[in-house]
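Here are my notes for your review. Please read them alongside the coordinates.

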Amino acid sequence: MSAESSYYVPEQSKLPLFTATAMGVLSIGAARWAGGLGGPAIFFVGLAMLVAVMYTWWSIVVKENMQGLVNHQLKHSYVISMLWFIFSEVMFFAAFFGALFYIRVFALSWLGGEAAIGWFDDTPTGPAVANNELLYPGFKDEWPVMITPDQAANGDAAQFIGPEQNMSWPGFANLLTWLPLWNTIVLITSSVTVHFAHTALKNDNRQGFIRWLAVTVLLGVFFLFLQVEEYIHAYTELGLTLESGIYGTTFYMLTGFHGAHVTMGTVMLLIALLRGLKGHFNKDDQFGFEAASWYWHFVDVVWVGLFLFVYVLG
Amino acid sequence: MAHGPAKGIGRWLFTTNHKDIGTLYLWFSFAMFLLGGFFAMVIRAELFQPGMQLIRPEFFNQMTTMHGVIMVFGAIMPAFVGLANWMIPLMIGAPDMALPRMNNLSFWILPFAFLTLASTLFMEGGAPNFGWTFYAPLSTKYAPESVNYFIFSMHIMGASSIMGSINIIATIMNMRAPGMTYMKMPLFVWTWLITAFLLVAVMPVLAGAVTMMLMDINFGTSFFDAAGGGDPVLFQHIFWFFGHPEVYIIILPAFGVVSAIIPAFSRKPLFGYASMVYATAAIAFLSFIVWAHHMFTVGMPIAGELYFMYATMLIAVPTGVKVFNWVTTMYKGALTFETPMLFCIAFVILFTFGGFTGLMLSVAAADIQYHDSYFVVAHFHYVMVAGAVFSGTAAVYYWLPKWCGKMYNETMGQVQFWIAFIGFNITFMPQHFLGLAGMPRRYADYGLQFADWNMVSSIGAFMYGAAQLLFLYNVIATIRNGKPVSDNKVWEGAEGLEWEVPTPAPYHTFATPPQIK
């Protein structure tokens, strides 16, 4: 039977079990390290194992594709799987955006002694008022939360001290020195350049493909560089840390997970670039690159959400 | 891929075969079922009489937590994934799952997750003790040290579920034999397609919830701490946004199983196939917009209470469609009552009962009375045990002859059914009365007025536990020396592609896709 007509069912493979072992070691190491029960050694061993086994696994998949074992139907399985994987990532971010919206719309106004939204909350505001008077007297609902409820009630004895400054919209006058704006420009540009790379590949223009893809990877790295700069600035100069109450919490968790995904996307694009340099991909067979570019567009869309809800309306 | 299974343990460790992986899932889930069941026995033994006899209250909390987590994530979910692995390629005429190696990975990370989780029992400070719903701040500020292990094992279970679900979706969307249109797929395939969609949608949300816990516990964030501007109730919203669809993740494949078995033993096609499909989709949609009915007592705005109450009641409509269809399938059928059918009929009756108590709980005003009482415990065990576990048992009896080419002992199967059915009802029926009389759930001790029904409930629980050992024995005895069957069609009324392959099912099936008329 020819490869074109039969679905490729791989032989037995040791890769999944090695991957599972690596994930097990990684997670036990992470739990020990995070909980302060041990050093990071086990975590990094697990990470190294995972990287090694993933590299091997993807290499084999690439090789199978080059050998023509991957027929049209199997390629379609990859396409479906990638799309649903991205959907699962969307839902992961939805949890964090949902937390941000819930905090801003409901939790903070209740802590501040008010009904959340007048027409929606027609219950007597007694509980919210009592909340504010008894638990955190003096706390005012504002966003960004510069003075945490804890701080409002306990002053300097508080566990959670709000930030000195925040990352929000600086007004039009200071716009050009506002780092998030440049981050946005860099990332949106990279989404355009990756599209150019895609178009070039489809037109059989390998030079253009490699050039635009390289530009995209560089933009991704540049974005990450700016993001690290921003974090250092926030930590050292703005007093904005993970511990500075709910603003710092949502700010770092949302931008941090986005940054982690940009890192993954950059690695994916880099691998596509290296494969492109080795002569992989052609105008009809390019899913390895295409999947990375979809992922890249996805992290770009997430950033637009972040820019809007964490920075501009922040 | 023409040859049979590899020799030795390597067959199971490195396999890419959907049948092998299905078998692994099924055995793993049964092992977890026995472990979680053992914890339940410890709980019921302690509650046999008022006062503390066997264990300390702190350990009791660990038992309720571990029982819930292991049963939900270790027993019921993997059992249905195992059935999906075995049956979906057979039912749609595919040579295997779409991504066989990832399939193996989805399974083999589970033992790591549950070993990590179970090991917390032996750690200083003990295992997680905050209930299977792990509400903050019990699970954050006041959690035992082992909570980090709990969090990461949750992450791994989630990764397993997401990979497994993506695989199932890709298989169903892409691997159907020519002519197998969506509306010709067996209902089990349909329910799993929708279940897999739910899993991909909500497991990442659970991952988000446990990540927030991890950050709050170890890195000083304040998601669930009002002192920093967060809110413990936020945890409940995120958890139940996952948790409510999770309920349907567990029960939808059960619907699929019952929709396969009832027609087979009624010797009639399923009544209202299309309405079954639409009802399943409707339930899945509604499951996303009803989550806060688990939280009627947290102090939501009245508009929220009303909305979640009415939306929840709506679920009764598509569920009613299903029950109607099952009953109508049996109506004027040539019924026989083999073990799988008995479990399915019990499913229809008891699941409907659990559905009705669910409807009672959905009334926000009344729920304030029922909330966190044994009434809730009784309600969800009617759905989880008599719903999911009964249908899983039915599925094993129904397909076991096809899997191993041997027929189980029918008498023993029926004896097991009756012990399980009676034991189950003795266990959980009295818990309704206990709850209505005011006994709170998750307590290691209780007032004297609850003593009688608790003792009855414990006796029932031991009966039900014994039935599971009989089940295990029956399955092993069947595999080792059951009476061989060779008909492709083990059950005369059974329909579907899985009954057209030889018995026992060969290691590889449908290398060339069958033609569907």
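1. The model is predicted. Five residues from domain 1 of chain A and six residues from domain 2 of chain A make up the contact.

2. Annotated spans. An unreviewed UniProt entry marks "transmembrane region" in chain A at residues 15-35, 41-61, 82-103, 175-197, 209-226, 246-274 and 294-313. I looked at two of these spans. Residues 82-103 of chain A are 100% helix and 0% strand, with 32 Å between the end C-alpha atoms. Residues 246-274 of chain A are also 100% helix and 0% strand, and there the end C-alpha atoms lie 41 Å apart.

3. Nonpolar surface patch. A:Ile188, A:Val192, A:Phe196, A:Trp212, A:Val215 and A:Val304 make up a nonpolar patch on the surface. Together they have about 450 Å² of accessible area. Helix 6 (179-202) and helix 7 (206-237) of chain A each give at least two residues to the patch. Helix 6 of chain A gives the most, with three residues. A:Val215 sits in helix 7 of chain A. Its relative accessible area is 31%, so A:Val215 is partly exposed.

4. Salt bridge between chains. The whole structure holds eight salt bridges over all chains. One of them pairs A:Glu64 with B:Arg101, with the closest N and O atoms 2.8 Å apart. A:Glu64 is in helix 2 (residues 41-66) of chain A and B:Arg101 is in helix 4 (residues 100-119) of chain B, so this pair joins two chains. A:Glu64 and B:Arg101 are both buried.

5. Salt bridge within chain A. A:Asp285 and A:Lys75 form a salt bridge at 3.8 Å, N to O. A:Asp285 lies in the loop between helix 8 (245-277) and helix 9 (287-312) of chain A, and A:Lys75 lies in helix 3 (residues 72-111) of chain A, so the pair ties together parts 210 residues apart in sequence. A:Asp285 counts as buried at 19% relative accessibility; the cut-off is under 20%. A:Lys75, at 26%, counts as partly exposed.

6. Salt bridge within chain B. B:Asp372 and B:Arg441 meet in a salt bridge at 3.5 Å, N to O. B:Asp372 is in the loop between helix 12 (364-370) and helix 13 (374-404) of chain B, while B:Arg441 is in the loop between helix 14 (410-436) and helix 15 (451-481) of chain B, so the pair ties together parts 69 residues apart in sequence. B:Asp372 is partly exposed at 36% relative accessible area. B:Arg441 counts as buried at 13% relative accessibility.

Notes. Residues are numbered from 1 along each chain as its sequence is written. Chains are lettered from A and ligands numbered from 1 in the order in which they are written. This is a predicted model: local features need pLDDT of at least 70, side-chain atom pairs count only at pLDDT 80 or more; totals for chains, interfaces and linings use all residues. Side-chain values use heavy atoms; hydrogens and water are left out. Patches are made of residues with over 30% relative accessible area and no salt bridge: like charges are joined within 9 Å, nonpolar side chains (Val, Leu, Ile, Met, Phe, Trp, Tyr) within 5 Å. Accessible areas come from the Shrake-Rupley method with a 1.4 Å probe; for residues, only the protein chains shown count as cover. A salt bridge is a side-chain nitrogen of Lys or Arg within 4 Å of a carboxyl oxygen of Asp or Glu. Helices (H or I, at least four residues) and strands (E, at least two) are DSSP runs, numbered from the N terminus. Buried means under 20% relative accessible area, exposed over 50%, partly exposed in between (1.4 Å probe, protein chains only). UniProt positions are given in the numbering used here, feature names are shortened, and annotations may be inferred rather than shown by experiment. Contact means heavy atoms within 4.5 Å.
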